[in-house]
Amino acid sequence: MLAKYPAENRDEARLLVLHRKNGKIEHKLFREVIDYFKEHDVFIMNNTKVFPARLYGNKEKTGAEIEIFLLRELNKELRLWDVLVDPARKIRIGNKLYFGDDDRMVAEVIDNTTSRGRTLRFLFDGDYDEFKQTLYSLGEMPLPRWVREKVEPIDAERYQTIYAKNEGAVAAPTAGLHFSPHLLKRLEIKGINVAEITLHVGLGNFRMVDVEDLTKHKMDSEQFIIDPKAAEIVNKAKELDRKVCAIGTTTMRAIESSVAPNGRLKPNEGWTNKFIFDPYEFSVANCMITNFHLPYTTQLMMVSAFTGYETLMKAYGVAAAEGYKFGTYGDAMLIL
């Protein structure tokens with residue numbers, strides 16, 4: 001069953017614990033995840049922050065309603081953005097789009113490189129900070145449509161991890177949504193370390209795989225940052241043979257995109273379009289936390305590579321029978 005709303009309290013979502021070696025399955029609450037970790041173990045967390053990327057406006061002259069989805073800022077000074085436009089069929093280079101009741105925010109289409117993609121130049125009478133504040137005030141959180149059509153006030157808080165800080169994602173790293181301030185404090189008290197990395201989650205992360213030959217599926221590139229401090233925390237834990245737990249598939253993709261020849265995590269920043277599917281040998285994390293994913297998604301294929309296909313399908317069968325919730329706001333799985 002797909003979850004339309006998050007659990008009442010973040011750390012009270014259900015948790016299925018899967019032991020890869022013997023296939024054993026346990027049923028817990030997420031707050032009990034701490035019981036499986038000891039001092040000097042490490043959680044690697046993606047601290048990207050979702051911004052209000054979905055805007056509604058009107059086309060010049062005709063007044064036709066349009067929706068744009070902000071993907072990434074291309075140029076701060078020129079106020080250029082890559083966006084998706086819907087409906088895209090009638091939006092051409094040179095068209096002006098108006099946003100807000102007073103039409104103060106205007107955008108001009110200056111490029112159309114794909115069927116739905118456009119480059120917009122925003123025309124705004126004000127400094128950059130005022131522009132950004134106005135732009136974001138017009139937007140709403142980009143909750144996936146398959147969760148529910150209408151974005152609600154709860155999403156402004158809950159479609160964001162509590163440790164989000166580096167703005168740039170158009171989708172939340174959902175495994176991290178289950179962590180509460182209280183749970184993070186308990187991890188700290190127990191001596192479990194946290195290594196923060198950043199991967200700005202893009203829409204391509206949720207594009208269904210529609211090819212039989214997985215080597216032909218193209219992932220959209222996403223920006224990531226792994227600083228020296230995070231790499232040091234992770235590598236020290238690996239030297240001590242401790243648990244290194246990737247919180248979510250976005251975290252796993254980032255760290256697997258920056259592996260040194262000796263298998264250690266190296267500081268790095270750049271862009272990755274890494275697509276992980278079976279068979280694959282993971283180098284950094286030896287356990288992970290993830291949500292229950294939808295069929296034909298790259299996330300499901302990554303988790304399958306980590307657990308083994310048959311083991312994962314058995315766990316998903318148990319989860320479905322036990323009424324676990326799937327998707328963005330769904331329950332979680334700890335894979336050991």
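Student: Is T174 buried or exposed?

Tutor: This is a predicted model, and the answer rests on computed accessibility. The relative accessible area of T174 is 12%. Buried means under 20%, so T174 counts as buried.

Student: Where does T174 lie in the secondary structure, and which residues does T174 touch?

Tutor: T174 belongs to a loop, which runs between β11 (166–169) and α3 (181–190). Leaving aside residues up to four places away in sequence, the residues that T174 touches are N291 and T328.

Student: What share of the residues of the protein chain count as buried?

Tutor: The cut-off is again under 20% relative accessible area. Applied to the 336 residues of the protein chain, it gives a buried share of 53%.

Student: Why does the radius of gyration of the protein chain agree with a compact globule?

Tutor: For 336 residues, a compact globule would have a radius of gyration near 20 Å. The C-alpha atoms of the chain fill a box of roughly 65 × 45 × 45 Å along the principal axes. The radius agrees with the globule value because the chain has 21 Å.

Student: Among contacts between residues at least 6 apart in sequence, what percentage join residues at least 24 apart?

Tutor: The protein chain comprises seven helices and 17 strands. Of its contacts between residues at least 6 apart in sequence, the share joining residues at least 24 apart is 69%.

Student: How many Å apart are the centres of the positive and negative side chains?

Tutor: The protein chain carries 47 positive and 48 negative side chains. The separation between the centres of the two sets is 3 Å.

Technical notes: Residues numbered from 1 in each chain as written. Predicted model: local features only at pLDDT ≥ 70, side-chain atom pairs only at ≥ 80, totals over all residues. Heavy atoms only, no water. Helix = DSSP H or I, 4+ residues; strand = E, 2+ residues; numbered from the N terminus. Rg over C-alpha atoms; globule rule 2.2 N^0.38 Å. Buried < 20%, exposed > 50% of the residue type's maximum accessible area, 1.4 Å probe, protein only. Contact = heavy atoms within 4.5 Å. Lys, Arg positive; Asp, Glu negative; His and termini not counted. Charge placed at Lys NZ, Arg CZ, Asp CG, Glu CD.
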